[in-house]
Amino acid sequence: MRRCIHRLGLAGLLPLLTGGAGSAAESQTGSVPDLRGRLVTTVADAKLAAISPADVTRVDVSGCSTWWNAADGRLVLQSGKSGIAVYVRPDLAKADLSPGRCVRIQGVLRDGLFSPEIVAQSITAPPPAAPTIERHNVPLAQVLEGGEVHNLVRTEGVVRRVRKDPVTGLPELLLGSGGSEVEVELWGGPAGKPNPERWVDAKVAITGIVAFSDLEKGGVMAGMKLRTRGPADIEILHAPPPDPFFAPLHPSGVLFRVHPLGYYGHRIRLLGIVSYYDAGQMVVFSDGAHTMAAEISDGPPVRPGDVVEVVGFADHGHAIPLLRHAVYQTTSVQNAVNYSAYQGEIENRTHYGKAISVEAEYMGRFLQNGHWLLQFRVGQTPFTGRLPAAAVDEAAMAGFEPGARMRVNGVHWSGDVWRLNESSGSTAWLLINSLSDIHVTRSSPFLAGRRAWYTLFGILGCAALAIAWGVLLRKQVADKTARIREALTTEATLQARYRDLFENSNDAIYTYDYNGVVTSWNRAAERITGYSREEIVGTIGHDLVAPEYKDKALEIINLVRDGGDLPPLYQLGLNAKDGKRIVIEVAARRLETPEGPQIECISRDITHRIEVERELTESKDKAEAATRAKSAFLANMSHEIRTPINGIIGMNQLLLESRLTPDQREWADAVRLSSESLLSIVNDVLDISKIESGKMEIDRIPFDLNSVLQHAIKLMRPRANGQGLDLQFHYGAETPRHFIGDPLRIRQVALNYVSNAVKFTPRGGSIHVSVSTLDRTAKACNMRISVTDTGIGIPADVQAGLFQKFTQVDSSVTRKYGGTGLGLAITKELATLMGGSVGLLSQQNQGSTFWLDVPLVLDPSPKPEKEPDAQPAHALPSDGLWRILLVEDNRVNQKLLARMLRTRNCDAILAENGQEAIEKYQPGTYDLILMDCQMPVLDGYSATEAIRNLENALQSDRTPIVALTANAMVGDREQCLNAGMDDYLSKPIHREDLDQVLEKWLKGNANNTGPV
């Protein structure tokens, strides 16, 4: 069966089981390609591949993760419309495989659970043509067919039940539509949405991955289920009523006029008098005209005769309608139930569900599944009474004897009306509420029931003892003879079995004595080495060992002679008879034989495996080399792009500070905006590259969250004011402020959210930034930073993929507002690196709310905030000039920095390259050196090392050196500091950053010489 499923695909499973194997194979999958022994390069082909134990099917596919569970290493990879399961070893699970992450996977196919799966052997970044995921809408019935297994789908239905899975503890929905029901596992939690317990009877749209449900006994597939990835995969289309008992009251006859499929879409409310109640399982009730039943799980206890309201999902059942997944409440207390005397055949279906009183003969009882099953007989027709064990004292039934006549009150039932949990051998049932409904009308005869059986058993027992005594002695003699014969037979059988296993094993098995002489050699050893038994037995096995492994073999022999412990597994290289070099994996053990102690070895040829591992290692080395080349290219690109941008932005700023006509100022301002946009795009591309290469690092430093966000708001306020937007910020007085974390990355996320809000909010709108605490312990807090706007909003069908790379609402928005589609993807990656998460709530044309949830460690000893200085922080003494050696090869940057330094009471002495800087440097001459890193003749790193060596040789004071670099990759700052530099400025250089460096190393440095 499992082989058929692989060949046909899951969509053909149901026709195959019902006899339509041929048509299923043709209509669902067409011809299945024979891919054994070939390289599979697409997910769709891998899903259809035939798995053979004799052949290894290798795969090299690219796709995007739609579901990842690091606990068991299970990944679902999708490309286009096809998804497949992937097993990821623990050593590969360190890669970022979160949903939305696109990767390239190399490995092999194996026979998975009803569907092929990939065993990953390497995981790398995907090729430049990034794969895509196509999610498509399917009806719920199509999910159950199995053809969509491991695919990402969207389906709709009504929530019929909500519970926690007893094994995983995850919330789990039962989604229904018509006659179809599917379990939905809520991975990622329902954060940002109402309590799932209140979703019952809501119509929802679910986006998720189709998966197999648990297996029944025997390995039979129980069905399909859905797994969601997070809150964005759940969309509530129609909210449930606030109280199920507020629904209109339906007449009971409505259950006899059900939909052709037998189901209604939503719950209905009915009223009736209870005739039978079994706590946690079922309640039977009637309105006088019709009898109905309901499945229940919990609720207040009721008694027969109580009037109840029942709300549930209607099912036509067989003879009696029922409500599934029902809840109920008592409205009033009625009189006792009236049981009508019943005559005739007990299996008469016209009385199903009615309260009747039956005169019957008691046959016996037994306990099963928490119920007493009482056996009765009316004439020759048996029936079973079902009595909840929790409501019965077993001692009260001690007088129930087989053969007694009883009057039994209960509800007439049948096993085919509603499947019961017990099996009694009869189809007619009577549902009994308590022992008060059973009355003994005539006791059983003396020799009836148990007493008759006891008497008969006593007579038979005496006769058996007499016979057994005579047979016992004869049996003892026969047993001893049989045991001796069996022992001899067993010994001969074991010897024959061992010989058969030895000769026919697929592994090479051989033995040798403590001198290394081979004493046995099986057929597999002959096949692997090419040497026959006659050629090897009696020779020294050491002669077969390859030269590079002879020391290892000699070490094993010496270990055997010295009585040491043998290694559990080791490898040896052998020279085969045809001259080929083979590698075997050996498991050895000591063996006592009549010829003396020997070593038995079981070996397996792993030559092919070693070759595959070597190829994988070479592929890994090539991939790492490509990654290093990519990093070097990005670093060079950063320098080549950011250096001219620095000149453009800086010179344009100087131009804006000069006297300009209105038209000239407008043109210069346009240049500023374009330059800033270009710099933002470059930064986004570099950030994505750093994240994908795993080089993005997260700091853990003390910071004030309020101050970080205030600074971000301050930067965005001019843009918001220019568009007529009301930008507000709220940070509660009781909200913690001082944490240990990465303030730069939090500020980057906040700036991205606020920038998007300003971009997509029309004039006259508002933007609100707020901070709240989700949960808090003594040492840490889970903080939420939310940005709410009144902008254009986001359609529901694109929200799930909004945090993926290069994803935007639509092409018209891209043309109107611009952007690369990388900002939110970077935001999500940064949140993940900080251990947090991101999300959104939005309605089209009504605005959006984006949030960042990030766990932060509380700062145990926050530093007090500094009082504002009487003068600006960058103010420097004006009674003299600071001498600064400016080392820069770019002419535009020379002019820009010289002008900026001149306006700050600094005299800039220019050096074109590192060699000229060394020639112009004299200890004590300069107060500060601004050193470019990439220059002709001699770069800044080498020049800095030469200056530091000169200072050490002359034992002079250390002159501060600040790096000027256009590189923006991780590790650039560390490289500058390791070369002997004191600080770091990244191009383009902003006025505020330059002021902070001058403030730090001129005004605040005790070792400088002061103004001249």
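Q: In β17, which residue is the bridge partner of L271?
A: Two strands pair if DSSP finds at least two bridges between them; strands are DSSP runs (E, at least two residues), numbered from the N terminus. The bridge partner of L271 in β17 is E309. This is a predicted model, in which local features need pLDDT of at least 70, side-chain atom pairs count only at pLDDT 80 or more, and totals for chains, interfaces and linings use all residues. Residues are numbered from 1 along each chain as its sequence is written, and side-chain values use heavy atoms, with hydrogens and water left out.

Q: How many bridges join β14 to β17?
A: Strands β14 (residues 268-278) and β17 (residues 306-315) run antiparallel and are joined by six bridges. Both belong to a closed barrel of five strands with mixed pairing, β14-β15-β16-β18-β17.

Q: Why is α13 described as largely enclosed?
A: Buried means under 20% relative accessible area, exposed over 50%, partly exposed in between (1.4 Å probe, protein chains only). Of the 18 residues of α13, 13 are buried, so the rest of the structure largely encloses this helix.

Q: Which residues have the most contacts inside the largest nonpolar core?
A: A nonpolar core is a set of buried Ala, Val, Leu, Ile, Met, Phe, Trp, Tyr and Cys residues joined through side-chain atoms within 4.5 Å. The largest one has 45 residues, and L705, F739 and Y753 have the most contacts inside it. Helix α13 gives the most to this core, with eight residues.

Q: What is L705 in contact with, leaving aside neighbours within four places in sequence?
A: Contact means heavy atoms within 4.5 Å. The partners of L705 include Y731, F739, I746 and M783.

Terms used:
Helices (H or I, at least four residues) and strands (E, at least two) are DSSP runs, numbered from the N terminus.
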